[in-house]
Amino acid sequence: MNFEDITNRLASLGYAYDEQRDSWILGFLIDKVTNHICNNCNLSEIPTGLYEKAVDVVCAEFIKGVYSQNKGLIDVDSAVTSIREGDTTVNFASGSTPEEIYLKYLDTLVSDTIDFARYRKMNWN
């Protein structure tokens with residue numbers, strides 16, 4: 001996986017990558033997610049069609065880990081909870097805090113049940 005793709009995705013999720021602080025754990029997560037996908041699909045490398053999914057999983061796991069240790073590094077208050085256009089207002093996830101909305105979104109990035117199905121290979125060993 002390309003480190004630049006991962007750092008750009010982290011930035012899009014509201015996290016400012018710091019090479020000195022974050023490079024080791026990101027390298028670890030890249031290896032972990034690569035092995036997870038390859039093991040689940042019985043492949044030796046990540047297929048092109050799962051590349052973006054792999055980047056999302058790395059970023060979501062990274063942010064969840066960082067967030068659990070230091071909540072101040074990530075701005076979750078920017079989550080959209082409602083939209084108002086003229087006299088119409090639409091509320092999203094009423095009763096949920098911005099933190100809950102953000103963490104639920106990260107959970108959707110990690111879920112893999114459907115994404116892997118197309119790439120699974122049978123292994124008779």
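Tutor: Helices here are DSSP runs (H or I, at least four residues), numbered from the N terminus. This is a predicted model, where local features need pLDDT of at least 70 and side-chain atom pairs count only at pLDDT 80 or more, while totals for chains, interfaces and linings use all residues. Residues are numbered from 1 along each chain as its sequence is written, and side-chain values use heavy atoms, with hydrogens and water left out.

Student: OK, which residue caps the N-terminal end of H2?

Tutor: Asp 18, with a side-chain oxygen 3.0 Å from the backbone nitrogen of Gln 20.

Student: And what happens at the start of H1?

Tutor: There a side-chain oxygen of Asn 2 comes to within 2.7 Å of the backbone nitrogen of Glu 4.

Student: What about just after H2?

Tutor: Asn 42 has a positive phi of about 55 degrees there. Just after H1, Gly 14 also has a positive phi, of about 95 degrees.

Student: Switching topic: is Ile 6 buried or exposed?

Tutor: Buried, because its relative accessibility is 1%. The cut-offs are under 20% relative accessible area for buried and over 50% for exposed, with partly exposed in between (1.4 Å probe, protein chains only). Ile 6 belongs to H1, residues 3-12.

Student: What is Ile 6 in contact with, leaving aside neighbours within four places in sequence?

Tutor: Met 1, Leu 26, Ile 30, Val 55, Val 58 and Cys 59. Contact means heavy atoms within 4.5 Å. Leu 26 and Ile 30 are among the buried residues of H2.

Student: Which other residues of H1 are buried, besides Ile 6?

Tutor: Thr 7 and Leu 10. Seen down the axis, the buried residues of H1 fall within an arc of 95 degrees, so they line one face of the helix. That arc is taken from the directions from the helix axis to the C-beta atoms. Their cover includes H2 (19-41) and H3 (51-69).

Terms used: Helix = DSSP H or I, 4+ residues; strand = E, 2+ residues; numbered from the N terminus. Polar contact = N/O pair within 3.5 Å; in protein donor to acceptor, adjacent residues only side chain to side chain.
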